[in-house]
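Here is a short tour of charged side-chain pairs for your next look at the coordinates. Have the viewer open and follow along pair by pair.

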Amino acid sequence: MSALLKIDGLNKSFGGIKATDDLSLEVAPGEIHAIIGPNGAGKTTLISQLSGMAKPDTGRILFKGRDITGQPAHKRAGLGITRSFQITSLVMELSVLDNIALSLQAREGHSFRFLKPARKVTHLREAGRALLARVGLEGKADMPTKALSHGEHRRMEVAIALGAGAELMLLDEPMAGLGFEESRDMVALLTGIKGQHTILLIEHDMDAVFALADRISVLVYGHIIATGTPEEIRANAAVQHAYLGEE
Amino acid sequence: MTRKTLLSVGFILALGILPPIFYWTGNAFWLDLATRLVILAIAATSLNLILGYGGMVSFGHAAYMGLGAYAVGIPAHHWLYGGLEAWGLATTSGLVQIPLAVAVTAIFALLTGAICLRTRGVYFIMITMAFAQMVYYLIVSIEEYGGDDGLVIDTRSELPGLDLDNPLQLFGLAWVSLVAAILIVRMVINSRFGMVIQGAKGNDERMRTLGFNTYVYRLVAYVISGAMAGYAGALLGNFTTFISPEMMDWSRSGELMFMVILGGVATTLGPVVGATVFIVLEEVLSDLTLYWHLPFGLLLIAVVLFGRGGLIGLLNGRDQ
Amino acid sequence: MDTTLLVIQALNGVQLGLLLFLVASGLTLVFGILDFVNLAHGSLYMLGAFICATLTFALGNFLWAVLVALPITAGLGFLVERFIARPLYTRDHLDHVLGTFGLILVLDTAAHLIWGPEGIAVPLPEWLDGQTNLTAEIVVPTYRLLIIGAGLAAAGGLFWLVNHTRLGMLIRAGASNRTMVSALGINIELLFGLVFALGAALAGLAGMLIAPITEANIGMGNNIIITAFVVIIVGGIGSIKGAFIAALLIGLIDTMGRAFLDDIFKIFMSNEAAETSAPAISAMLIYIIMATVLAVKPQGLFPPKVR
């Protein structure tokens with residue numbers, strides 16, 4: 001099975017501190033691959049480099065066998081990589097449906113279309129509503145985005161990633177700040193899309209990670225110390241020492 | 001139609017109907033004032049496209065009006081005194097001058113926008129200001145076009161079926177242009193392109209991770225806005241028949257910004273309401289005192305300190 | 001072109017550069033520390049010139065007038081901070097720009113009311129009003145040397161203040177991390193007021209120094225402020241070192257361009273073409289340089305460290 005995403009010897013430092021240290025990783029098509037690690041292990045830095053918001057110092061990133069290391073964020077999105085943000089990142093000024101419709105619009109080539117009102121492009125609006133229904137927000141479509149709760153914003157992030165049609169979804173802590181029930185709903189939501197999209201999941205919530213992930217990689221000080229199935233990771237002594245042992 | 005739409009349409013219609021009535025009843029002065037108002041409202045509307053909807057705070061919009069005006073003045077000058085015949089630019093034909101105004105300002109917007117839009121925030125404000133000042137000094141340095149002293153447009157643009165020497169027809173053209181400008185901005189904003197521009201204003205990072213090259217979308221909006229302001233400048237040149245670098249001074253750009261903010265950013269009618277209030281205030285205050293900039297400046301400070309959302313915002317507040 | 005002219009123009013360029021630095025350093029300080037855009041900074045330059053002019057006549061001596069006018073302009077800066085800038089810190093840059101644009105209208109009109117529409121010439125003491133022989137051929141106005149000396153002294157003083165005093169340490173800390181400074185229990189409001197006052201005094205000083213050459217007049221501030229913007233954009237907003245280097249660069253290029261560009265053009269084009277194009281190009285020269293710098297380094301030549 002060839003990897004959808006292959007990271008090869010990635011390095012990134014900020015002023016002498018190594019945020020990513022000779023990091024190599026493969027993500028197989030269709031899997032949910034979780035990355036766990038203590039705070040400051042460099043998880044978000046990794047996502048930023050994968051989505052093109054930050055440039056690695058050395059190393060290569062291959063997506064479907066193609067070197068994308070030097071590609072800007074908008075190009076990578078066009079290839080099929082979408083990220084969500086740890087801190088909710090939506091266009092607050094626009095409505096809920098507008099946000100989702102924009103992600104669908106992004107799939108249809110350029111948007112230098114000036115004549116027809118975007119809110120009257122039926123197929124975008126209908127597909128947007130369908131996506132909102134899928135994440136359980138069908139009733140909120142026409143509300144201003146800023147009126148929604150944090151948990152609903154997190155769901156919007158997932159809907160946008162789905163809307164963008166990402167083959168690879170980079171989800172940066174989708175459970176961050178969610179309450180118990182909201183987390184459970186999010187796990188159910190992600191379980192529902194499992195297999196249809198490849199997901200690289202960064203998450204602190206261990207219950208969620210062990211419930212969702214096909215494989216788990218453990219990141220410590222910018223370096224992957226172990227990769228394996230949830231059972232293997234649970235059993236791995238080095239991991240228990242470096243990470244799980246702290247809990 | 002909602003009450004707001006009704007009010008908006010009523011306001012625009014009144015702006016088109018009342019001035020000619022004043023003119024026919026012997027108050028030619030009010031038609032003059034209204035013509036200037038309507039032309040400035042076109043420029044303010046174009047500025048609102050990038051400032052209000054796109055979040056690009058351009059402090060150099062007056063330069064586009066100035067360039068547009070000189071695109072009328074310079075061919076008219078050569079038509080009278082010779083030169084540039086080989087380029088076909090010694091002419092009083094509006095069918096040459098007005099497209100020239102639009103083309104020149106679009107190109108200027110493209111070239112400077114490509115640089116300005118690489119930067120954000122304060123850098124962007126200052127750089128747009130600096131490029132406008134560059135045009136100002138450029139015109140000042142060209143003696144043939146009057147330099148500091150400006151240029152008289154002896155013959156207004158000649159358009160088929162229109163006589164711009166007739167103040168009513170000039171006003172009519174300006175008003176129709178304003179309506180067109182409002183509709184164009186509305187169309188652009190509501191289009192897919194407009195959604196991207198508004199999205200990039202609210203969350204640039206998100207838009208880029210979705211696959212939009214926001215730089216290019218912004219640049220296109222910047223060019224559209226600049227070209228519209230250039231068109232307004234061509235009208236302004238025809239209205240004043242005297243143009244000078246002073247019309248590109250950065251305080252003129254500041255006034256355009258003030259109109260947009262005063263009326264309400266990112267609202268369809270805000271810039272028009274802002275321009276109206278600005279012109280009326282200017283008229284009333286300058287009638288009262290030579291030092292009208294003093295109360296005017298105080299008012300501006302007060303609007304910034306206390307008046308969030310502009311006049312349209314107040315209206316909306318009452319609506320809800 | 002002969003060496004004498006070259007040296008004299010170079011001195012003029014340095015003089016312009018130093019004046020630009022005095023204006024730009026205040027702007028860049030205020031922006032770097034307070035994240036505040038003050039368009040009305042040029043009005044403080046103008047007020048410095050007018051106040052100095054009035055005091056020159058009242059006290060009978062230009063140098064005394066400068067000494068008295070400096071704390072007055074500093075005080076004006078303090079007031080501007082207190083009443084206009086402070087309520088706007090939490091707002092976006094658009095509001096800063098518009099609010100201080102309103103302030104320009106107010107201050108310019110106030111100057112018009114107080115000092116009238118005409119410019120005011122400022123007389124120099126006799127010993128400053130002559131010429132000095134640098135060499136047998138090179139003769140320059142004595143006062144221009146004083147401007148250069150005073151400009152360098154002020155720049156040196158500012159560097160010392162920022163790099164070697166407690167106030168300077170707070171300024172540097174504030175520029176890179178505002179919350180940290182306030183967490184140290186520093187009276188941040190007072191610090192901000194002092195920074196504003198310092199910037200105003202520097203701009204005022206520039207206005208006072210130029211007044212004997214150009215007269216104090218109402219438009220002077222609005223002309224220099226844009227060039228000062230170009231300086232801090234090229235230098236990197238927030239960097240005093242950048243402002244200094246960029247100011248000298250811009251001052252020299254602008255002066256030299258206006259003086260010699262037609263001669264340079266004549267080398268490779270007809271005299272007529274050179275004489276028509278040179279003024280236009282030299283008028284745009286500093287903006288072209290700004291555009292070039294930005295195309296290569298969007299953050300300017302010396303971007304301040306991560307904030």
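**Salt bridges in brief**

B:Arg192 has a relative accessible area of 8%, so this residue counts as buried. Keep in mind that the model is a predicted one. Across all chains, the salt bridges number 25. A few of them are worth a visit below.

**A pair between chains**
- A:Glu108 is partly exposed, with 29% relative accessibility.

**Pairs within a chain**
- In chain A, A:Arg155 and A:Asp185 form a salt bridge whose closest N and O atoms are 3.7 Å apart.
- Distant parts of the chain are linked here: A:Arg155 is in helix H5 (residues 150-163) and A:Asp185 in helix H6 (residues 180-193), 30 residues apart.
- A:Arg155 is buried at 17% relative accessibility, since the cut-off for buried is under 20%, whereas A:Asp185 is partly exposed at 36%.
- In chain C, the side chains of C:Lys266 and C:Glu275 meet in a salt bridge of 3.0 Å, N to O.
- C:Lys266 is partly exposed, with 27% relative accessibility, and C:Glu275 is partly exposed too, at 47%.

**A network in chain B**
- Salt bridges link B:Arg120, B:Asp204, B:Arg208 and B:Arg218 into a network.

Terms used. Residues are numbered from 1 along each chain as its sequence is written. Chains are lettered from A and ligands numbered from 1 in the order in which they are written. This is a predicted model: local features need pLDDT of at least 70, side-chain atom pairs count only at pLDDT 80 or more; totals for chains, interfaces and linings use all residues. Side-chain values use heavy atoms; hydrogens and water are left out. A salt bridge is a side-chain nitrogen of Lys or Arg within 4 Å of a carboxyl oxygen of Asp or Glu. Buried means under 20% relative accessible area, exposed over 50%, partly exposed in between (1.4 Å probe, protein chains only). Helices (H or I, at least four residues) and strands (E, at least two) are DSSP runs, numbered from the N terminus.
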